[in-house]
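Here is a short tour for a first-time reader. Keep the sequence and the 3D view open while you read.

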Amino acid sequence: MNNPKYTTDLMPKLPKLPVPDLDITLSSLKEWSTPLLSAKEFADLDATIDQFAKSDGPILQQRLEKMADRTDGSWLAPIWETGYLANREPLQSSSNFAFTVSSDDIPSNASQAHLTAEIIAHFTEAYLSFATGQQPIEQFRDGSPMDMSYYLNFFKSMRFAHAQEDTFHQGVADTDDQQVTVIHGGHVFFIQVTDDHGQPIAVNDIEAQIASILNHQDAADDFPGIITSLPREKAAQLLTELWDNPHNQAIWDSVADSLFSISLVKAPSSGNHLKEVLLEIDDRFVDKTLQVVIFDDLHVGFAIEHSRVDGVPALNLIQHAMTGLTAGSGCIPAAKLDPESFEVDTGMAAKLADAYETAEELYAQMSITSHSFNHFGKTQIKAAKVSPDAFFHIALALAMFRLTGQWRSIYEPVSMRAFYQGRTENARSVNAEKKQFILAFQNGEDPAHLKPLFEAAAKAHTDRIRLAQKGYGVERHLLGLETVFNQAPEGLEVADKLFHSTQLAKLRTDFLSTTSIPLSRHPRTHLRADRR
């Protein structure tokens, strides 16, 4: 059974996510929308919001409050998960997120087999610490506990393509006879990582199994994992057809119930490891929650399916997995390990080939690059008594305006781990104070005049973040109101007008998406935020 330490035992120690006051949210909605809209657009939105506040808004607020009262955990959690599972776009380009780790953090003389074995061992160690309740509760600086209910969701989990809305498999957090899925050359292997007493298998024994896998030189012709890269309706059709064979479904279920997946692949000729980790579909089940990609040039990446997990816990696990890596002895003999084989007929093989072409076309249409800024960092910014996050977002808004001449919405997630199952809020970082400063800065106004404008922009940014951290953000509250509206929309015309307005769409559409990385050693990262 799942350890209650991070769920039911933690629940009474954390506050429940509040339903914000409707009037405050609607007032904030006006404030947040102002810098993005023309005077005419804002006047129309302002009138609609005022109508909503007097008519449909209180009705939907009451519905949402009743939903929250009936929910033991967070009222947002099931809404948020459903939003992900209802997404019909290919996961690798719409909602998955990914990280690559600098090769400086990896011993240069390690073998691919040893590096893989150590990463597997470290993740397995992390899993066992949560499954047995040995992992300490994380705390804020004031000693109050953080939500940890999502950590076990990284393991033994997988999203299943299903018509209209996907389903989610979450395995029981047992410790004995656990496996990890390894994919190499289109072949699927299962390696043992704990014994029948729940003890971890030695790194040398895991390395021997990995060495055996790498010795398989012949690539499989038809790898059904390609199904997971398709738009979800098409993926559901092909998965149902594949599962008509009980043997195939049994292998798929074993992949789902394995701790995580490892893909052993060739380094990209382009050198763009980040794009490969997020968007490539060879040797991947892209709807497996935790996917580790290890290249033969010893670069390492992580792709994450977003439905039940978020970025900060993912980064914490990755940091654990990448800490303390060694070069190894280099003399571990390979063990004998055979792959599991799907049974694919000629009709399914043709459909898999078509699916591969579709995924490759999507890959070719997208571009990802990374750049490191090393001129100065948060130490210098803090010395000037400015929030580094506020400084970055002022600079980002300035760059956006210089490049586009427009004011567009910027996604900034705010961790809500002060609440049980809090997940994230969205602070929408463009505000009126930033806009005023940037326009003055662009006009070359006197620094004595710019300084108070900059300080006001930074303060407004920080105030918005703090409000969101307390559970009083705008966007998730609107999502809750819209959810209860969609359940029974009859007669609520003003709500329909508000939720489908072009003005609200401008606020919700991410022109840029950002994240902060709270680590002492930072992986080089790319985060692809969902589009809601």
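## The annotated histidine

This is a predicted model. UniProt lists H306 under "active site", in an unreviewed entry. That annotation may be inferred rather than shown by experiment.

Find H306 in the loop between β8 (300–304) and α11 (311–322). Its relative accessible area is 9%. Buried means under 20%, so H306 is buried. Leaving out residues up to four places away in sequence, H306 touches Y84, S95, N96, F97 and R423.

## Two helices that pack

Two packed helices are described by the angle between their axes and the distance between the axes. Helix α2 covers residues 39–54, and helix α3 covers residues 56–70. They pack at an angle of about 60°, with their axes 3 Å apart. The pair is therefore oblique.

Which residues of α2 and α3 meet? From α2 come F52, A53 and K54. From α3 come D56, G57, P58 and L60. The residues of this contact divide into four nonpolar, one polar and two charged.

## A covered helix

Helix α6 runs over residues 112–131. At 1.5 Å a residue, its 20 residues should span 28 Å.

Is α6 mostly covered or mostly open? It is mostly covered, with 19 of its 20 residues buried. Just after α6 comes G133, which takes a positive phi of about 80°.

## A lysine in α15

K435 sits in helix α15 (residues 432–442). Apart from neighbours within four places in sequence, K435 is in contact with P35 and W407.

Now look from K435 to A161. These residues are 274 residues apart along the chain. Their C-alpha atoms are separated by 43 Å.

## Two loop residues with positive phi

D283 is not a glycine, yet its phi is positive, at about 55°. D283 lies in the loop between α10 (273–279) and β7 (290–295). The relative accessible area of D283 is 10%, so this residue counts as buried.

Q421 is also a residue other than glycine, and its phi is positive, near 55°. Q421 lies in the loop between β10 (413–415) and β11 (424–426). Is Q421 buried or partly exposed? Its relative accessibility is 22%, so Q421 counts as partly exposed.

Notes
Residues are numbered from 1 along each chain as its sequence is written. This is a predicted model: local features need pLDDT of at least 70, side-chain atom pairs count only at pLDDT 80 or more; totals for chains, interfaces and linings use all residues. Side-chain values use heavy atoms; hydrogens and water are left out. Helices (H or I, at least four residues) and strands (E, at least two) are DSSP runs, numbered from the N terminus. Buried means under 20% relative accessible area, exposed over 50%, partly exposed in between (1.4 Å probe, protein chains only). Contact means heavy atoms within 4.5 Å. Axes are lines fitted to C-alpha atoms, for helices over the stretch in contact, and angles run from 0 to 180 degrees between N-to-C directions. Angles under 35 degrees count as roughly parallel, over 145 as roughly antiparallel, 65 to 115 as roughly perpendicular and the rest as oblique. Ala, Val, Leu, Ile, Met, Phe, Trp, Tyr, Cys and Pro count as nonpolar, Asp, Glu, Lys and Arg as charged, and the others, Gly among them, as polar. The expected span of a helix is 1.5 Å times one less than its number of residues.
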